[in-house]
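Okay, thanks for making time, everyone.

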Amino acid sequence: FQAIWGWAKDFNSYIERHKVNTEKVPEELYVLFPAVLLVTLVGSYIHGLIHLLGSVAYCGILVLMVYRTCDAINSLPALEKKAPASPAAAPVDATKDDDEPEPKEDEKVESKDDAGK
C-alpha cells in the first residue's frame, strides 16, 4: 500500500511544491490497486467467482494506473541543464614534477614486469 499510494502522494506534493502546471494523479486509484489485489487473493479462497471478478477489476485498474502514471510523468516539463557555478578543480598529483614534460608513448620506460615478456 505504502509504495504505490506513497508515490501518488509524493508526486502530487511535488506538483504543489514546485508549482508545476500539470494534473495531479488520483490518489484513490493508487489506494484501490493494492486493495483490489488483497480482496482478490483473499476472495479466491472463498469462492472462484470472487477471484474471477477481482482479477478482471485488478487488470482494469492496473491498465488505468499505468496510463495515468505515464501521462503524469510525461507531462512534467523537461529540466534545464545548468552549468556549474565554477569548474571543478582538477586533482593534483603530488608525486608528479610539473617542470618535467610527460614522456611520449615510444619513450616510456618498460617496467620490470614488461621486460621479461
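Now the housekeeping. This is a predicted model, with local features needing pLDDT of at least 70 and side-chain atom pairs counting only at pLDDT 80 or more, while totals for chains, interfaces and linings use all residues. Residues are numbered from 1 along each chain as its sequence is written, and side-chain values use heavy atoms, with hydrogens and water left out.

So, the overall layout. The protein chain has four helices and zero strands, and along the sequence that reads α-α-α-α. Of the 117 residues in the protein chain, 17% are buried. Buried means under 20% relative accessible area, exposed means over 50%, and partly exposed is in between, using a 1.4 Å probe and protein chains only. As for contacts (heavy atoms within 4.5 Å), take the ones between residues at least 6 apart in sequence: 57% of those join residues at least 24 apart.

Let's go to helix α2, residues 27–46. Its 20 residues reach 29 Å from first C-alpha to last, close to the 28 Å expected at 1.5 Å a residue. That expected span is 1.5 Å times one less than the number of residues. Which residues of α2 are buried? Leu29, Tyr30, Phe33, Pro34, Val36, Thr40 and Gly43. What covers them includes α1 (2–17) and α3 (48–74).

That takes us to the core. A nonpolar core is a set of buried Ala, Val, Leu, Ile, Met, Phe, Trp, Tyr and Cys residues joined through side-chain atoms within 4.5 Å. The largest one has 12 residues in all, including Ala8, Phe11, Ile15, Met65 and Ala72. Helices α1, α2 and α3 each supply at least two residues of this core, and α2 gives the most, with four. As general background, nonpolar side chains tend to be buried together in soluble globular proteins.

Isoleucine 61 is one of the core residues, and it's found in helix α3. Its relative accessible area is 11%, so it's buried. Leaving out residues up to four places away in sequence, isoleucine 61 touches Leu29, Leu32, Phe33 and Val36. The C-alpha atoms of isoleucine 61 and phenylalanine 33 are separated by 6.2 Å, and the two residues are 28 apart along the chain.

Next, rings. How many aromatic pairs turn up in the whole structure? Three. Rings of Phe, Tyr and Trp (its six-membered ring) pair if their centres lie within 6.5 Å; planes under 30 degrees apart count as stacked, over 60 as edge-to-face, and the rest as tilted. Tryptophan 7 and tyrosine 30 make a tilted pair, 5.8 Å centre to centre with 40° between the planes. Tryptophan 7 is in helix α1 and tyrosine 30 in helix α2, so the pair ties together parts 23 residues apart in sequence. Tryptophan 7 is partly exposed at 29%, whereas tyrosine 30 is buried at 2%.

Then there's phenylalanine 33 with tyrosine 58: the ring centres are 4.9 Å apart and the planes are at 20°, so that pair is stacked. It links distant parts of the chain, with phenylalanine 33 in helix α2 and tyrosine 58 in helix α3, 25 residues apart. Phenylalanine 33 is buried at 8% relative accessibility, and tyrosine 58 is partly exposed at 22%. Ring pairs also link Trp7, Phe11 and Tyr30 into a cluster.

Threonine 40 lies in helix α2 and is buried at 5% relative accessibility. A polar atom of the threonine 40 side chain is 3.3 Å from the backbone oxygen of glycine 54. Threonine 22 lies in the loop between α1 and α2, and its side chain is joined to that of serine 75 by a polar contact of 2.5 Å.

Conventions. Polar contact = N/O pair within 3.5 Å; in protein donor to acceptor, adjacent residues only side chain to side chain.
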